[in-house]
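Here is a short note to read beside the model. Please keep the sequence and the 3D view open while going through the points.

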Amino acid sequence: MGSSNIHCSLFVFLLLILRTPSVRAEGTSVGFYDSSCPQAESVVRSTVQDHFNTDPTIAPGLLRMHFHDCFVKGCDGSILINGPSAEKNALPNLNLKGFEVIDDAKAQLEVVCPGVVSCADILALAARDSVDMTGGPSWAVPTGRRDGLVSSTTDADNLPSFTDSIEAQRQKFLEKGLSMQDLVTLVGAHTIGTTACQFIRYRLYNFTSDGGPDPSINPSFLPRLQAICPSDGDGSRRVSLDTGSEGEFDLSYYANLKNGRGVLESDQKLWTDPSTRVFVQRYTGLVGGLLGFFDNAFSRSMVKLSNVEVLTGSLGEIRSICSAFNS
């Protein structure tokens, strides 16, 4: 097949993808609050913007929080509950940030339309706005979720882990109705934000039986990581997940994987494993790089993620404050 035919096929494929209707869950819909609380989305956006202007790291924090919420009993705001045995105190959630943004938006919405907008919806909207504010795509968020009535640390045990094999990751995503492409696409959220040295240091020292580092790390990149995370250094020190572009939502994350510069072990495996490499290649090729294929794919995968096991209709509740169940 000639190159012109290949480019034509890719273009037609992209048009078909762009024309595919948005995914939504039963009971959620775009514009759910148009009549009951028309200010809902603008209040959430302005609140996120205010906090983002002061601290841009709030954006990856909110995006990660939404991901963690949806992966545990669905997108029901259970991650927001306070309490010693609540979900937010599970080990994978201890470094989450942005709770004050959700609380702030909820407080404002309770003034203008009390008892109407769920905390789960506020978090889904805030995640979308966070991506948009860092230069990524925006999308129409189906709303109408209700807040869950359970929040437990033990329910967070099955969150995807930075040490998971590709098969383990695939299975966890599959259980949520998400495909392998969704997996690779959603992990692209690591184009913004950081991780702690304690989660990567084991890759840098004594990873192999002969005491060497993880061989999947580019040898020219290794000294940089070791300088940030010395073997006896501060485990809480932060490392960019997308070297050189941690504050901008772009495609450099995937280019880094291709070049052996993935920071988390689970991220680098997306390139070293053939079953996921094909999707990384799509996001570093002609369609992904020049025609915005990734932006569209990420938007669709986020809609799918945000509708995982949602509560709608008469299920759950609409909390008065996001950090506590209604009494």
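1. The side chains of Asp-250 and Thr-191 make a polar contact at 3.0 Å. A polar contact is a pair of N or O atoms within 3.5 Å; within protein, one must be able to donate a hydrogen and the other to accept it, and residues adjacent in sequence count only if both atoms are side-chain atoms.

2. This is a predicted model, in which local features need pLDDT of at least 70 and side-chain atom pairs pLDDT 80 or more, while totals for chains, interfaces and linings use all residues. Residues are numbered from 1 along each chain as its sequence is written, and side-chain values use heavy atoms, without hydrogens and water.

3. An unreviewed UniProt entry lists Thr-191, Asp-242 and Asp-250 under "binding site"; such annotations may be inferred rather than shown by experiment. These residues are spread over 60 residues of sequence, yet they cluster in space, with a largest C-alpha distance of 9.5 Å.

4. Asp-242 lies in the loop between strand S2 (238-240) and helix H10 (252-258). Helices (H or I, at least four residues) and strands (E, at least two) are DSSP runs, numbered from the N terminus. Asp-242 counts as buried because its relative accessibility is 0%, where buried means under 20% relative accessible area, exposed over 50% and partly exposed in between (1.4 Å probe, protein chains only).

5. Beyond its neighbours within four places in sequence, Asp-242 is in contact (heavy atoms within 4.5 Å) with residues including His-190, Thr-191 and Asp-250. Asp-250 is in the loop between S2 and H10.
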